[in-house]
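Let's take a walk through a protein together. Keep the structure open beside you and look up each residue as its name comes up.

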Amino acid sequence: MTVRVRFASADGERVREVEAPEGARLLEVAQANGQPLEGTCEGQMACSTCHVIVDPADFDRLPRASEEEDDLLDLAASVTRTSRLACQIRLDPTLDGLTVRMPGESRDMQGR
């Protein structure tokens, strides 16, 4: 089964809808589809460079963030109430049609 995901640019002007396999991590789907998510730690939840802003209408469909994820989001730029780390979102049929927006800025945790 596939899950539809919409990626919106930081300004909301461009939206790209893609289909991803069930079980895929949002970070990998975003990177494979040209989205500007760095993912410095390669999905090991050791940075916040895969920060995305989940559409408020979709936010409650996600499992709650762990305490570790919340701590890392404190380090991300442009955090909102519906911010999440893309490496922590596994796509399943309940998330079909999920919309996420890229933040306007990011912080490179590697200092590059």
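This is a predicted model: local features need pLDDT of at least 70, side-chain atom pairs count only at pLDDT 80 or more; totals for chains, interfaces and linings use all residues.

Residues are numbered from 1 along each chain as its sequence is written, and side-chain values use heavy atoms, with hydrogens and water left out.

Start with strand 1 (residues 2-8) and strand 2 (residues 15-21), which run antiparallel and are joined by seven bridges. Strands here are DSSP runs of E with at least two residues, helices are runs of H or I with at least four, and both are numbered from the N terminus. Two strands count as paired if DSSP finds at least two bridges between them. Look for Thr2, which stands opposite Pro21 in strand 2. Strand 1 and strand 2 make a hairpin with six residues between them, and in that turn Gly12 has a positive phi of about 80°.

Next come the charged side chains. A salt bridge here is a side-chain nitrogen of Lys or Arg within 4 Å of a carboxyl oxygen of Asp or Glu, and by this rule there are seven salt bridges. Arg14 makes one with Asp11, with the closest N and O atoms 3.8 Å apart. How accessible are these two? We call a residue buried under 20% relative accessible area, exposed over 50% and partly exposed in between, using a 1.4 Å probe and protein chains only. Arg14 is exposed at 56%, while Asp11 is partly exposed at 48%.

Arg25 and Glu28 also meet in a salt bridge, 2.8 Å from N to O. Here Arg25 is buried, with a relative accessible area of 12%, whereas Glu28 is partly exposed at 39%.

Now find Glu69 and Arg84, whose closest N and O atoms are 2.8 Å apart in another salt bridge. Glu69 sits in helix 3 and Arg84 in strand 4, so this pair ties together parts that are 15 residues apart in sequence. Both Glu69 and Arg84 are buried. Elsewhere, salt bridges that share partners join Arg4, Arg6, Glu17 and Asp96 into one network.

What about disulfides? With the cut-off set at a pair of cysteine sulfur atoms within 2.5 Å, the structure holds zero. Cys41 is in none, and its nearest cysteine sulfur, that of Cys47, is 3.6 Å away. Cys41 is buried, with a relative accessible area of 16%. Cys50 is in no disulfide either, with the sulfur of Cys87 the nearest at 3.8 Å.

Time for some backbone angles. Most residues other than glycine have a negative phi. Met45, though, has a positive phi near 55°, and you'll find Met45 in the loop between helix 1 (26-32) and strand 3 (51-54). Ser78 also has a positive phi, near 60°, and lies in the loop between helix 3 and strand 4.

Finish at the largest pocket, which is lined by 14 residues, with Phe59, Ala65, Asp70, Ser83 and Arg84 nearest its centre. The elements giving two or more residues to this lining are helix 3 (67-73) and strand 4 (83-85).

Technical notes: On a 1 Å grid over the protein atoms alone, a cavity is a set of points where a 1.4 Å probe fits but cannot get out, and a pocket is an open set with protein on both sides within 12 Å along at least five of seven lines; lining residues have an atom within 4 Å of a point.
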